[in-house]
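Let's take a friendly walk through a protein model, one step at a time. Have a look at the sequence and the structure first, and then read on.

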Amino acid sequence: MTDTALAHGPVVERRRGESLTATALLAPATIFVALCLLAPLVILFRYSLNEFVPTKKMMVEAVTVANYVKFFTDPYYTAILATTVRIAVMVTLACLILGFPLAYVMARTQSRFKNLLIILTVLPLFVGNAVRAAGWMTIFGSKGFFNTTLQWLGLIDKPLEIMFTEKAVIIGIIAVNLPFMVLTLQSVIESIDRAVEEAAFSLGAPPATMFRRVLWPLALPGILAGTILTFILAMNAYATPFLLGGPLFKMMAPLVYNQFTQQTNWPFGGAIAFILMTVTLGLTLAANLLIQRRRAS
Amino acid sequence: MARLDLHGLSKRYGDFHAVREVTLEIDDGEFLVLLGPSGCGKTTTLRMVAGFIEPSAGNVRLAGQDVTQLPPWKRNAGMVFQSYALFPHLTVAQNVAFGLEMRKLPRADINKRVDEALALVRLGGYGGRLPRQLSGGQQQRVALARALAIRPDVLLLDEPLSNLDAKLRQEVRVEIHELQHQLGLTTVMVTHDQEEALTMADRLVVMNEGSVRQVGTQRDLYERPADRFVAGFVGRSTFLEGAVEAPGRFRTDGGLALACSGSGSGAKSGRGVLALRPERLQVAPAPITGLDNGLPGTVEFVSYLGALIDIHVRLSPADRLVVQIANREGGFAPEVGQSVHVSWPASAGLVFTE
């Protein structure tokens, strides 16, 4: 035993050294995630099982699923969830359709302005969502720049209702999410050898066929990453629906915030937060599985 | 299979002429190689034939039909790319079947032709693999099979061997050449490797700075290079600067009077260069009688290449030339600093006047 241990000594030692390095590299991020993400989640989940006494506006220790039941039995709340999912899906599809051609051009261009294009794409991210939404309010309001210009040109009689509608929210979230989609797609398309597209052309595939048979399947990992990213961002959008949707328009993230701050109903707020997270994760996974199965067949 | 005609083919990018007025006639079943340094326009020419680049002027006729305005997917040209460009998400068989599916062939025919094409490149049984599971040489052969399966009018090869290691390259070179002859394929290959070009081509086209410098067989290019560029690019040459004194007489800037009777030596006067092939020269301790030129010099540098030895000899302050000798047992092997005599027949001297 001792002999074998000695014989393998150096090997064991090196392995221990490696695992120490790995631990040292992983530890900071792991601790950060555990403290700042997992712990609040656990506490929030525990809160969501508590009871809320409206008269006293306070939380009472309990273990009940009443908050979850309340959400799913009240059409008011389920309608908000449905709206959120619908908007997130529409925004994600729109980002994909708008983003792919842009990402393709950016990935394939030989122009020396390529870096400028990339910077221009990222530039909107330098301005916070709330600030940007506030800007739009001045442009798209009934007396805003957009409507006054159209009226001045005589194209419309009365102002178009854009602000405080679902349209405004969808346009707003698309604008916020598009750079994420474009950048993700661009990096993936860039990694696809251009000659592969040309090979398809030379073998007789017109552009649409080449796209369907070659570019799309090869870009699929990036398409998945991009759609997941934009879908999650859209599901959890807060500032844009809050500012552009107006007081009557409801999505999930503002609802959670409202429960915590206005109603001080922490248990119900926690429950909604968890429902939002679960639905987002569930839909993302389902879409992934669906695409992968279709790809395999 | 078919003939391919390029007429006045040009490509300009702003003020930059990538390809100027290329006119070539490639016979049915001929293997033509476009040879030149990088940036000479050979790849641009090939890509105009494939349809990836639209020419600024001129036209491309394939099998008698003007295809200049046709997109690549409407030309029946099989292309093998430098990076092979296999579809990484498709199996070997699916890669080869791709072009046949585009031609809407019945499934049974497709399978039959895929098997044929893979057998042709000795990859039968590899149909189910993914490209990444194959070696570089095998991927190269899949790319070839994919291009051949569509029975193209012309096969286009874009530096097809440059990603293979040296040993494999020699094998694949012979394979492609044999396959091309066996199938009687009209083929255009682009390369910057002159050895590759010389071993594979029926006819070569030397290009530089967008223009065709010379078209001919290996022997034409080597024995009768059209200009100084070709003389330096195909094979090697030492160039001695100077001027023509009279037909057959060349005086270098270093003052050496040399007899020459190779191509271009009929010029009567004017500045120019005398080109000498290193292997046509002889080096010995004393002048060799019977040769038209014999000059004393000093060995300045010796480069040992194994089978061959390069000897750099200074003949005058302005003139230095390279002599290549075979590395033979007991042969004369001069050392640096040694005084020697370099001799050559007048026929070895080629003259290019300005």
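## Where chain A meets chain B

The term salt bridge stands for a side-chain nitrogen of Lys or Arg within 4 Å of a carboxyl oxygen of Asp or Glu. Between chain A and chain B the count is two salt bridges.

Before going further, note that this is a predicted model, in which local features need pLDDT of at least 70 and side-chain atom pairs count only at pLDDT 80 or more, while totals for chains, interfaces and linings use all residues. Residues are numbered from 1 along each chain as its sequence is written, chains are lettered from A and ligands numbered from 1 in the order in which they are written, and side-chain values use heavy atoms, with hydrogens and water left out.

How many residues does each chain bring to the contact? Chain A gives 18 residues and chain B gives 22 residues, where contact means heavy atoms within 4.5 Å. The area buried between the two chains is about 1,700 Å², with 68% of it from carbon and sulfur atoms; buried area is the accessible area (1.4 Å probe) that two parts lose on being put together, summed over both. On the chain A side, A:Ser202, A:Leu203 and A:Arg213 lose the most area to chain B, together 39% of what that side buries.

## A look at chain B

Here is chain B in a few values.

| Property of chain B | Value |
|---|---|
| Helices and strands | eight helices, 20 strands |
| Span of the C-alpha trace along its principal axes | about 75 × 45 × 35 Å |
| Share of the 354 residues that count as buried | 51% |

Helices (H or I, at least four residues) and strands (E, at least two) are DSSP runs, numbered from the N terminus. For residues, buried means under 20% relative accessible area, exposed over 50%, and partly exposed in between (1.4 Å probe, protein chains only).

## One residue up close

B:Asp5 is found in strand β1 (residues 4–13) of chain B. Is B:Asp5 buried or exposed? B:Asp5 counts as buried because its relative accessibility is 17%. Leaving aside neighbours within four places in sequence, B:Asp5 is in contact with B:Leu24, B:Glu25, B:Asn59, B:Val60 and B:Arg61.
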